[in-house]
Amino acid sequence: EGMGRGGGSLQEMRARPLAKRRADMHGLCSPSGFQRSPYLSARGNFANLFHGSTEEGYKAYHADKYDEDKNPNGIINFGTSENKLCFDLMSKRLTQADMNLMEPPLLQYPDWKGHLFLREEVARFLTYYCKAPAPLKADNVIVLNGCGSLFSALATVLCDPGEAVLIATPFYGGITQSVFLYGNVKLVYVYLDSKVTGTNTRPFQLTVEKLEKALQDARAEGVTVRALILLNPQNPLGDIYSLSELRDYLEFAKRHELHVIVDEIYMLSVFDESATFHSVLGMDRLPDPQRTHVMWGITKDFAVSGIRFGTLYTENQDVANAVSSLCYFHGVCGPVQHKVAQLLRDRDWINQVYLRANHARLKAAHTYVTDELKTLGVPFLNRNAGFFVWIDFRKYLKAGTFEEEMLLWKRFLDNKVLLSCGKAFECGEPGWFRIIFADKTHRLQLGMQRIRKVLEEREQELLAEEKEQPCQSDQDGKADSTDEVIFVSRHQEPSCATSSSSLGDLIGLLQQQMRSSDWLQKNTAEQFA
């Protein structure tokens, strides 16, 4: 239902009761004709349905994966947030002699929080890279097999079934699965929009006012909210929160006695010197340290999504003990714990070899994809963190609905390129898509060619329909390509160093809008007279 009839304006979505909105959150592509299995419980059936609806594109990709030699017509995956640029560096480092150790303790049950040698190394690593004002403690570190497991564990120990967590949309959709399937904990959405008006200085800006409103609306409907989730850097927007913003969010949570779960999994994937990441662990003073819990993992920053490793840092020993009791189900095997400790210990290699190369490759790939989008005249958020670009395809929708968005998503998939549509991130505005750019040049080039083909075909179809129905040329929900959410949406203060590039971006934007606009065709000399 969330997809099929869906849509409507952001105001309409906000006006719907929270319970109804939460019912919609799993309606992305609910398979028609889904049959309840007599072999499963009610929650087992729901898990089965959930898996089927969220995995459609991913399953299609694995069944028809692009390979330059074996399957050149296969699907290119721009939908899964993986860094595919550093396999050479990581495979070399992970196979060096110091990584290969097989001592008896590694083959036995560990402390459920993780081996002490690893937790000590994680504490030192986070102290250094998060710029902590004082050394972090190994006792406050818990190790699990990935941040998805951490979200599940935290939701379970912080909330009772039926209670909720606050989160701003759009957000990484896997969090829904992590907190809901195990703990039956729901999400209360703080809907953000793309307009830059009033107190909003950038698109999709999170403010305390929006947090307050969402919390009060939930409480008015009898929903108990226990925590706030913050993603920093943010997925899919790429936003990096300033210190003052972080402090405001944490103070808001303290006022309402909410736990704050801060996911910083992209903290070392800030690839441009113009952007500065601030970790919550680097703050001089936490407003409520007993309710502040920080997550990080090696999956993104070290380009090893196949190695399931996540870590939690919390000063609250009750939370630490409760989460560690669930580590029995989510543990990391001993040999992998050794490899991770060796990796985090090698500070010289990380700083001088890996991060330098990774940031340069991410920046080059980001530049290529964003230059292609500029050439196409497609609006997007220009950020410098993560592996993704948040793109505005609203002008390619016949109407501003999530059903139209899904049709465009399927059109891309039919043309052998997998993207992620905005509904998967619970975006309130139909037509936004996330593209992953952290990929090799030949795949980026071919994938962008396929995207260009879809968009050009779609543009011709819309123009043809417009000519047939000239009095309905401005359909509701169709975006103007001159929308202010465009290329130069960095929110850092302008400086002398960046003013020339910003001016270049603006000139390029104007040129692309002139090329892509049909204003000249509509306003001929005869019509003007």
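This tour goes through the structure stop by stop, stating what to select and what is found there.

**Before starting**

The model is predicted: local features need pLDDT of at least 70, side-chain atom pairs count only at pLDDT 80 or more, and totals for chains, interfaces and linings use all residues. Residues are numbered from 1 along each chain as its sequence is written, and side-chain values use heavy atoms, with hydrogens and water left out.

**The whole chain**

Helices (H or I, at least four residues) and strands (E, at least two) are DSSP runs, numbered from the N terminus. Of the 529 residues, 54% count as buried; buried means under 20% relative accessible area, exposed over 50%, and partly exposed in between (1.4 Å probe, protein chains only). Among the contacts in the chain with a separation of 6 or more, 76% are made by residues 24 or more positions apart, where contact means heavy atoms within 4.5 Å.

Select residues 208–220, helix H9, together with residues 243–255, helix H10. The axes of H9 and H10 come within 10 Å and cross at roughly 30°. Axes are lines fitted to C-alpha atoms, for helices over the stretch in contact, and angles run from 0 to 180 degrees between N-to-C directions. H9 and H10 are therefore roughly parallel to each other; angles under 35 degrees count as roughly parallel, over 145 as roughly antiparallel, 65 to 115 as roughly perpendicular and the rest as oblique.

Next, show the side chains at this contact. Val208, Leu211, Glu212 and Leu215 of H9 meet Asp248, Tyr249, Phe252 and Arg255 of H10. These residues divide into five nonpolar, no polar and three charged (Ala, Val, Leu, Ile, Met, Phe, Trp, Tyr, Cys and Pro count as nonpolar, Asp, Glu, Lys and Arg as charged, and the others, Gly among them, as polar).

**Two cis peptide bonds**

Move to the loop between strand E5 (225–231) and H10, where Pro233 is found. A cis peptide bond joins Asn232 and Pro233, with omega of about -5°. Pro236 also belongs to the loop between E5 and H10; its cis peptide bond is with Asn235, and omega there is about 20°.

**A buried histidine**

Select His366, which lies in helix H14 (residues 347–376). Is His366 buried or exposed? His366 counts as buried because its relative accessibility is 5%. Leaving aside neighbours within four places in sequence, the contacts of His366 are Phe271, Asn382, Arg383, Val389 and Phe437.

Together they form an open sheet of three strands in the order E9-E12-E11, with antiparallel pairing. Zoom in on Asp392, which stands opposite Trp432 in E12.

**Two residues with positive phi**

Select Lys131, in the loop between helix H6 (116–129) and strand E2 (141–144). Although Lys131 is not a glycine, its phi is positive, at about 55°. Lys131 is exposed, with a relative accessible area of 67%.

The last stop is Lys416, in the loop between helix H15 (402–414) and strand E10 (417–418). Lys416 is not a glycine either, and has a positive phi of about 65°. With a relative accessible area of 26%, Lys416 is partly exposed.

Conventions. Two strands pair if DSSP finds at least two bridges between them.
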